[in-house]
Amino acid sequence: MTPGLAALKHLVVLMMENRSFDHMLGGLNGVGGIDGLSGTETNPDTNGNLVKVEPKAQYQGQLDPDPDHHFAAVNKQIFAGGTTPSMQGFVQSYFDQQRDVNQSKKIMYYFAPEKLPVLTSLVKEFCTFNRWFSSIPGPTLCNRAFAHYGTSFGHVSQEIFFVGVQFKSIYERLLAANSSGRVYYFDAASSSLEVPNLLKNQPQLFGTFKNFIDDCGNDRLPAYSFIEPNYTDHQDASGATFIASDQHPDHHVREGERFIALVYNALRKNPVLWPKSALLVVYDEHGGTFDHVPPPSVVTDGFVAQPSATGTGEAFMFDRLGVRVPAVLISPWVPKGSVVNGRVFEHACIPATVTDWQIGLFNDRSPREKNSETFLDLLTEPAPRTDCIEFRL
Amino acid sequence: MVKVIAIPKTPKSAYQPSRKASDLIKAHLSNLEFMAGKMAGPTRAIRSTKPRSEGQAALRIAELTQMMHPTTDPVPAAIVPAARAPRPIARKKPAAKRASAKKRTAPKRSAGAKRRAGSKKRAGARK
């Protein structure tokens, strides 16, 4: 066991919304070995012209309408009507929504690194995964299910499906093993996307973001914390406004940056908590935005989604992953500016890692999760670093 | 020495609660209503809503979350206008009784009463 793993008492996962790896980090190509964009990647538009990637992504107002990321659309983005994953169908898929060629080209835009000072700094400071994929080529809720259950129980869409399922969530597993885990959602007007049945049955597993900040300050974090950003623009009693911080198009990306910084600072600024903590910042899925890396095959999930559910006319065996997303592991125990290569990660790695770390041998989980990578071996520094950045908000 | 990175504030214009509720927000609300309905049991109805804007959805999400997770920090009055208890399901009367009750209580309508509010304006607009 590494000193970092021995010291680890708190793992925090922050899951953001709907941005691909290249959309957010493509501009960092080559920095420490990051597999981003060379600038020559293209997709054909509906007139047959090639549309090149460009660093023109804006914080808000550009990806409106929200790019389609339901199963059939993502299938088109990945396969472009062919049989091998070419990543050539993003522009044509976005065109389908408004029949507007100029708008469809914007799906190829990515952020210039200086526009994302928080995410870019964390990448340069900590450990980035070159191959972290969404679990399903589909939308939010089924992908997030993999982070909690290690499977979506055969679902590829947004419907509720957690009632009476055969595998326990990571939070219930931890509770049964006398460990501790909690979902911190932003507030009541944002709520938890994850597990409404747990909200009903296990309210002790939930807290708000204010509770998270308090728990960090008082060194009372559970072993495992899952943070949900604010999903809605809303007000409080005093009329103060809360801007959605999930980065879901068309929410303002900078507010999401600030939220990531807020979570980081909550850990970083408590000198007792910081050396015994690790934070994973990861995105649930790509939200229709371009990425150049074809998703790989994977151990089947053991479930099948029927053609009526996929919308493609074909069943889905859960034997390949969705589009690549940004993922950064943050801890004073990870080497500065490191990049993970040659290993494939996806959201089932989260319950797999937490289970291995807190529970040990545990058989009653999905085949996908059992075969997933874990990531705490990346805490390889011999002593906690003392040079880690801070953010001023 | 620790490097401190200053992060700019988000512009106020980013706040757009009247934007159309996304598919995700609609699914989120629908799932919460489903689970709140299960929690409320067979004697109470959880109304199903279809908010158009994100701000409207946030109001309803707050209501449902507080119902399911009462220990959440109180949602301020500005967010939830009034703590609304689930409405009890009205027991249906047999069809025959409903018909006779209607005969007894329904007032006779005049021709003018049939016109719905706003219909005059619409008629005027056509001219």
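The model is a predicted one. In it, 47 residues of chain A are in contact with 43 residues of chain B. A strand of chain A also pairs across to chain B, with β15(A) and β1(B) running parallel.

**The chain A side of the interface**
- Seen from chain A, the elements that give two or more residues to the side touching chain B are α6 (117-125), α7 (140-149), α9 (196-201), β7 (206-208), β9 (234-235), α11 (253-268) and β15 (390-392).
- The most comes from α11(A), which gives five residues to this side.
- By residue type, the side of chain A that touches chain B divides into 19 nonpolar, 14 polar and 14 charged residues.

**Strand pairing between the chains**
- Three bridges join β15(A) to strand β1 of chain B, residues 4-6.
- A:Glu390 has B:Val4 in β1(B) as its bridge partner.

**A helix pair in chain B**
- Helices α1 (residues 23-40) and α2 (residues 54-68) of chain B pack with their axes 10 Å apart, at an angle of about 30 degrees.
- Angles under 35 degrees count as roughly parallel, and α1(B) and α2(B) are therefore roughly parallel to each other.
- Their crossing, that of α1(B) and α2(B), is left-handed.
- On the α1(B) side, the contact is made by B:Ile25, B:His28, B:Leu29, B:Leu32, B:Glu33, B:Met35, B:Ala36 and B:Met39.
- From α2(B) come B:Glu54, B:Ala57, B:Arg60, B:Ile61, B:Leu64, B:Thr65, B:Met67 and B:Met68.
- The residues of this contact of α1(B) with α2(B) divide into eleven nonpolar, two polar and three charged.

Technical notes
Residues numbered from 1 in each chain as written. Chains lettered and ligands numbered in written order. Predicted model: local features only at pLDDT ≥ 70, side-chain atom pairs only at ≥ 80, totals over all residues. Contact = placed C-beta atoms within 7 Å. Helix = DSSP H or I, 4+ residues; strand = E, 2+ residues; numbered from the N terminus. Nonpolar A, V, L, I, M, F, W, Y, C, P; charged D, E, K, R; others polar. Pairing = 2+ DSSP bridges. Axes fitted to C-alpha atoms, helices over the stretch in contact; angles between N-to-C directions. Parallel < 35°, antiparallel > 145°, perpendicular 65-115°, else oblique. Left-handed = near helix turned anticlockwise from the far one by under 90°.
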